[in-house]
Amino acid sequence: MNANSDYKTIVHPLKPLYDENSKILILGSFPSIKTREYGFFYGHKQNRFWRILSGVFDEEIIDTIEHKRTFLLKHNIAVWDSIYSCDIIGSSDASIKNVVPTNLKPILDGSRVEKIFCNGATAHKYFRMFSEKALGIRGIKLPSSSPANASYSIDRLIDEWKIIKLDNKI
């Protein structure tokens, strides 16, 4: 069997989340199969994104899409991904090829975003490759919230991610 036959071309199925008050943008790389099925960002139960944000802001995040949406907007956080479409095997960031970058300009034009944080190396790589120079905003790489990033405990991730709160003062 040809390894290329496992690749699927996927167009990002989610809309970005932001409003006119969003001050920071958190970019992932591309939504996993579980996230695409769930219909909202970081939908895989084992991804630690929501536990990290809960720890950073010292608030419980209820496990509903609407509560997560409300939480993000309350804290002036926009979320989307650095890749709009790509060829990918399953949910493997390592397999990503034929990338079409996300157009982030509408988010920046429709918000007050001044800082962009990248959730992991892949998000950061593609943001730097395609968007950083054009937008004139440096992407700040944070350790990935993925369970594959096993070298980081949840407490260590929360400590590293606290920078989003420090940079998000109203």
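Reader: Is D159 buried or exposed?
Author: D159 counts as exposed, at 51% relative accessibility. Here buried means under 20% relative accessible area, exposed means over 50%, and partly exposed covers what is in between, with a 1.4 Å probe and protein chains only. This is a predicted model, where local features need pLDDT of at least 70 and side-chain atom pairs count only at pLDDT 80 or more, while totals for chains, interfaces and linings use all residues. Residues are numbered from 1 along each chain as its sequence is written, and side-chain values use heavy atoms, leaving out hydrogens and water.

Reader: Which residue does D159 meet in a salt bridge?
Author: The partner of D159 is K162, with N to O at 3.6 Å; a salt bridge here is a side-chain nitrogen of Lys or Arg within 4 Å of a carboxyl oxygen of Asp or Glu. K162 counts as partly exposed, at 37% relative accessibility.

Reader: How many salt bridges does a search of the whole structure find?
Author: The search finds 7 salt bridges. One of them links D109 and K105, whose side chains meet at 3.2 Å, N to O. These two residues are 4 residues apart in helix α4 (residues 105-109), so about one helical turn separates them. Helices (H or I, at least four residues) and strands (E, at least two) are DSSP runs, numbered from the N terminus.

Reader: And how exposed is D109?
Author: D109 counts as exposed, at 56% relative accessibility, whereas K105 is partly exposed, with a relative accessible area of 45%. A salt bridge can also involve a buried residue: E132 counts as buried, at 14% relative accessibility, and E132 pairs with R128, the closest N and O atoms being 3.2 Å apart.

Reader: Changing topic, how many of the residues of strand β4 are buried?
Author: In β4 (residues 83-88), 5 of the 6 residues are buried, so the strand is largely enclosed by the rest of the structure.

Reader: Which strands do bridges join to β4?
Author: Strand β1 (residues 8-11) is joined to β4 by 4 bridges and the two run antiparallel, with I10 standing opposite C86 in β4. On strand β5 (residues 97-101), 3 bridges connect to β4, again in an antiparallel arrangement, and I83 stands opposite P101 in β5. Two strands pair if DSSP finds at least two bridges between them.

Reader: What about V11, where does it lie?
Author: V11 lies in strand β1 and is partly exposed, with a relative accessible area of 46%. Together with Y84 and V100, V11 forms a nonpolar patch on the surface, with about 240 Å² of accessible area. Patches are made of residues with over 30% relative accessible area and no salt bridge, like charges being joined within 9 Å and nonpolar side chains (Val, Leu, Ile, Met, Phe, Trp, Tyr) within 5 Å. Accessible areas come from the Shrake-Rupley method with a 1.4 Å probe, and for residues only the protein chains shown count as cover.

Reader: Which residues of helix α5 are buried?
Author: In α5 (residues 121-130), T122, A123, H124, Y126 and F127 are buried. These buried residues pack against several elements, including β4, β5 and β7 (139-142).

Reader: What is H124 in contact with?
Author: H124, which is buried with a relative accessible area of 14%, is in contact with C118, G139, I140 and K141, leaving aside its neighbours within four places in sequence. Contact means heavy atoms within 4.5 Å.
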